[in-house]
Amino acid sequence: MTQQTALTVPCPECAADVAFAEAPMESEIVPCGDCGADLEVRGTSPITLETAPEVEEDWGE
Ligand SMILES: [Zn+2]
């Protein structure tokens, strides 16, 4: 019996397929290999991705 664990979800930014070797954890940040956007896993069943909010670098200029 073959268990296919490869998963792909379309990138919300560029619609390219983002591939997962295994199911990601919720709130995991994954980079899109195509556009480089950071994507946050918002759900795991099914997997849904959302563009991760940009981290404001508030280090005090
Ligand atoms: Zn993308």
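Which residue in strand 5 does L39 stand opposite? L39 stands opposite T51. The structure is a predicted model, in which local features need pLDDT of at least 70, side-chain atom pairs count only at pLDDT 80 or more, and totals for chains, interfaces and linings use all residues. Residues are numbered from 1 along each chain as its sequence is written.

The protein chain contains five strands and zero helices. Strands (E, at least two residues) and helices (H or I, at least four) are DSSP runs, numbered from the N terminus. The order of elements is β-β-β-β-β. The radius of gyration, 14 Å, is well over the 10 Å that the globule rule gives for 61 residues, so the protein chain is more spread out than a compact globule. The radius is taken over C-alpha atoms, and the rule is 2.2 Å times the number of residues to the power 0.38. Along the principal axes, the C-alpha atoms fill a box of roughly 55 × 20 × 15 Å.

Strand 4 covers residues 38-44. Strand 3 (residues 29-31) pairs with strand 4 in the antiparallel sense over three bridges. Pairing requires at least two DSSP bridges between two strands. V30 has L39 as its bridge partner in strand 4. Six residues lie between strand 3 and strand 4, which form a hairpin. In its turn, G36 has a positive phi of about 80 degrees. Strand 4 also runs antiparallel to strand 5 (residues 47-51), joined by five bridges. This second hairpin has two residues between its strands.

Burial was assigned from C-beta atoms placed from the backbone: a residue is buried with 20 or more others within 10 Å, exposed with 12 or fewer, and partly exposed in between. Of the 61 residues, 10% count as buried. The largest nonpolar core has six residues: C11, V18, C32, L39, V41 and L49. Such a core is a set of buried Ala, Val, Leu, Ile, Met, Phe, Trp, Tyr and Cys residues joined through C-beta atoms within 7 Å.

Contacts were defined by C-beta atoms, placed from the backbone, within 7 Å. Beyond its neighbours within four places in sequence, V18 contacts T8, V9, C11, V30, C32, G33, L39 and L49. Residues 24 or more positions apart account for 20% of the contacts with a separation of 6 or more.

E40 lies in strand 4. E40 is partly exposed, with 17 other C-beta atoms within 10 Å. Outside four places in sequence, E40 contacts S27, I29, L49, E50 and A52. The C-alpha atoms of E40 and E50 are separated by 5.3 Å, although the two are 10 residues apart along the chain.

Conventions: Contact = placed C-beta atoms within 7 Å.
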